[in-house]
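I open this notebook to record what I looked up, working from a pocket to a pair of helices.

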Amino acid sequence: DPVPAANDHYTLHLDPLTQFAVLLSALIHDVDHPGVPNATLVSEGLPLAKVYRRRSVAELNSLDLAWNLLLQDDFQQLRQAIYQTESEFRRFRQLLVNIVLATDIMDKDLSILRRDRWNKAF
């Protein structure tokens, strides 16, 4: 078992919901990625850039596609295995969003937030 860190909420140990969110995020973070940076999607005025208000376009699109798939009736049993309560549902969704958005390394606001979280944790 991993040794708990001083600031325990930044660790993954013994939290299956967070562990699964990290795993699923790794699988979905580039779903339908067009292969160009978000800045290109925005500067070319592509419809996706407008849908996501010119922020983290590829990442938000990946999240939406994966989330909509997970919410289909075919995946009801999987959802029940992931979360059982409304609180777990909200936490799981927020974890996915935060983890996938963390892959947008060019977003200045997210970069500041990440740096602040890092400084607080360590």
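Entry one, on the pocket. I asked which element gives the most to the lining of the second largest pocket, and I found that this is α2, with three residues. I keep in mind that what I am reading is a predicted model. The elements that give two or more residues to this lining are α2, which spans 38-43, and α7, which spans 108-121. I then looked up the lining as a whole, which comes to 17 residues, and noted that Asn 38, Ala 39, Asp 104, Met 106 and Asp 107 lie nearest the centre of the pocket. By class, the lining divides into six nonpolar, four polar and seven charged residues, and the space in the second largest pocket is about 340 Å³.

Entry two, on the helix pair. I turned to helix α4, residues 57-70, and helix α6, residues 86-101, whose axes come within 9 Å and cross at roughly 150 degrees. Because an angle over 145 degrees counts as roughly antiparallel, I wrote down α4 as roughly antiparallel to α6. The crossing of α4 and α6 is right-handed.

Entry three, on the contact. Which residues of α4 meet α6? From α4 I listed Glu 59, Leu 60, Leu 63, Asp 64, Trp 67 and Leu 70, and facing them in α6 I listed Phe 89, Phe 92, Arg 93, Leu 96, Val 97, Val 100 and Leu 101. When I sorted the residues of this contact by class, they divided into ten nonpolar, no polar and three charged.

Notes:
Residues numbered from 1 in each chain as written. Predicted model: local features only at pLDDT ≥ 70, side-chain atom pairs only at ≥ 80, totals over all residues. Heavy atoms only, no water. Axes fitted to C-alpha atoms, helices over the stretch in contact; angles between N-to-C directions. Helix = DSSP H or I, 4+ residues; strand = E, 2+ residues; numbered from the N terminus. Parallel < 35°, antiparallel > 145°, perpendicular 65-115°, else oblique. Left-handed = near helix turned anticlockwise from the far one by under 90°. Contact = heavy atoms within 4.5 Å. Nonpolar A, V, L, I, M, F, W, Y, C, P; charged D, E, K, R; others polar. 1 Å grid on protein atoms, 1.4 Å probe; cavity = no way out; pocket = protein on both sides within 12 Å on 5 of 7 lines; lining within 4 Å. Points joined across faces, edges and corners; volume = space filled by probe spheres on them.
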